[in-house]
Amino acid sequence: MKKEHELNTKEGLLEANRFLVGVVNGIKDTIMVVDTDYKIIGVNESLLRKIGKPMHEIDGRPCYRLLHNLDKPCALNHPCSIRDALRTGEICDVLRTRLIGPNITYTRSIAYPILNDQGKIVRVIQMERDITKWKKVGDQFYNIQKLVSMGKLAAGLAHELNNPMAVILGFVDLLLEKTEQGTQSYDILKTIERQGFNCKRIVENLTSFATFSKITKHSTDVNKSLERVISVIMDILRNEKIVIEKNFAGDLPRAKGNPEHLRQVFTNLITNAVAAMRGGGLLTISTRHNSSENRVEILFMDTGHGIKREYRDEVFDPFFTTREVGEGPGLGLSACFGLVSKYDGDITFETVTEEEDRKKKGTTFTVSLPGDFS
Ligand SMILES: Nc1ncnc2c1ncn2[C@@H]1O[C@H](COP(=O)(O)OP(=O)(O)OP(=O)(O)O)[C@@H](O)[C@H]1O
Ligand SMILES: [Mg+2]
């Protein structure tokens, strides 16, 4: 900032002017100064760039005409910080949303009234910033909060549903033992069983959001846990003509993680692999000990359709799904991620679509968990 005696010379004033112009143009938010008739009396370079017009085409024109092509100031139902600042004499802060095709953008607009010595408004300075990125992060946070509340509700619901589900699945099992394979009744019972397991998985995924931040100290024999999940799902694999190959490491340490949670993670990843291989394929499940980092790694490699490039950033988002309505709410991977994160675990994937390489198509999800020697 310039000291007063330095401003008393012409050179000093020019210097001060250059300094202020530099500051205003250095700000990347758009800045516009208007008089009490909304006429533009100054803008910064960011605003000129945004509207793509030189200063002489803007100077003195009302902002509502230039920016919104209107004959009078914006109506009250349109958020306008300048109008509000002129009416109230206060600093006004509004959020503007704009829909361009399917995309929504958010702009924060703040207007600062400038008063003269008598306290009358003579000008308004308006600053605007595109906050779309931040708004989306905020919205996601809000969605997570919603999920946590929903998870609490679902946890209660799941508790109530567990018993009837267990009874249904138990009786189906009993009837299956008494029914001849290859008959229509047998196929119907198998469908009930499959959908019953699916219900159980979806309810479990919902409840995992309720226990988001709780850490449970447990460890799991991963090979045994996988064997159990595979034995439950074996019939489905056979029906879908999916061959399963197991490459389990013999010297695998126990992994950090509650056995129920890990079973849920493995069930989701296998279910996804099965869904990606309609018409058959090969599912290779491998376990290995990464001794340098003391991690237990579990790989689920399928020969399915792969994940399209445009979906790759979204598959872990809650409610992201490419399935038909009613086939899955899109909570599987987000629940898996939430569950393994509790134990400092991680899930990554590599994928190749048919269009990218017909011969190498498929997806590999890798779960990595800390080994547990305690
Ligand atoms: N192995 C895979 N191969 C191809 N696409 C996959 C695979 N795993 C996940 N996806 C894609 O990721 C999406 C999200 O998976 P996620 O498990 O979170 O939900 P979902 O399977 O659609 O529904 P839900 O698991 O809740 O029943 C899937 O809809 C699918 O498009
Ligand atoms: Mg799934």
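Visitor: Is the crossing of α7 past α8 left-handed or right-handed?
Guide: In this predicted model, α7 passes α8 in a right-handed crossing.

Visitor: Which residues make that contact?
Guide: On the α7 side they are Val222, Ser225, Leu226, Val229, Ile230, Ile233, Ile236 and Leu237. α8 brings Arg263, Phe266, Thr267, Ile270, Thr271 and Val274.

Visitor: And how do they divide by class?
Guide: The contact of α7 with α8 has 10 nonpolar residues, 3 polar and 1 charged.

Visitor: What's the angle between those two?
Guide: Helix α7, residues 222–239, packs against helix α8, residues 259–276, at about 40 degrees. Their axes are 10 Å apart.

Visitor: OK, what about α6 and α7? What angle there?
Guide: About 120 degrees, with the axes of α6 (residues 184–207) and α7 lying 11 Å apart. That angle makes α6 oblique to α7.

Visitor: Left-handed or right-handed, that one?
Guide: α6 passes α7 in a left-handed crossing.

Visitor: Who touches whom?
Guide: From α6, the contact has Lys190, Glu193, Arg194 and Phe197. From α7, it has Val232, Asp235, Ile236 and Asn239. By class, the contact of α6 with α7 has 3 nonpolar residues, 1 polar and 4 charged.

Visitor: Now α8 and α9. How do their axes lie?
Guide: The axes of α8 and helix α9, which covers residues 332–341, come within 9 Å and cross at roughly 150 degrees. Over 145 degrees counts as roughly antiparallel, so that is the word for α8 and α9. The crossing of α8 past α9 is left-handed.

Visitor: Changing topic. How much space is in the second largest pocket?
Guide: About 650 Å³.

Visitor: Which residues are closest to its centre?
Guide: Lys50, Arg96, Arg98, Thr107 and Glu128, out of the 31 residues that line the second largest pocket.

Visitor: Which elements does that lining come from?
Guide: Among those that supply at least two residues each are the helices α2 (45–51), α3 (63–68) and α4 (81–88). The strands β1 (30–35), β3 (92–100), β4 (103–115) and β5 (121–130) also supply at least two each.

Visitor: And the classes in that lining?
Guide: The lining of the second largest pocket has 15 nonpolar, 8 polar and 8 charged residues.

Note on methods:
Residues numbered from 1 in each chain as written. Chains lettered and ligands numbered in written order. Predicted model: local features only at pLDDT ≥ 70, side-chain atom pairs only at ≥ 80, totals over all residues. Heavy atoms only, no water. 1 Å grid on protein atoms, 1.4 Å probe; cavity = no way out; pocket = protein on both sides within 12 Å on 5 of 7 lines; lining within 4 Å. Points joined across faces, edges and corners; volume = space filled by probe spheres on them. Helix = DSSP H or I, 4+ residues; strand = E, 2+ residues; numbered from the N terminus. Nonpolar A, V, L, I, M, F, W, Y, C, P; charged D, E, K, R; others polar. Axes fitted to C-alpha atoms, helices over the stretch in contact; angles between N-to-C directions. Left-handed = near helix turned anticlockwise from the far one by under 90°. Contact = heavy atoms within 4.5 Å. Parallel < 35°, antiparallel > 145°, perpendicular 65-115°, else oblique.
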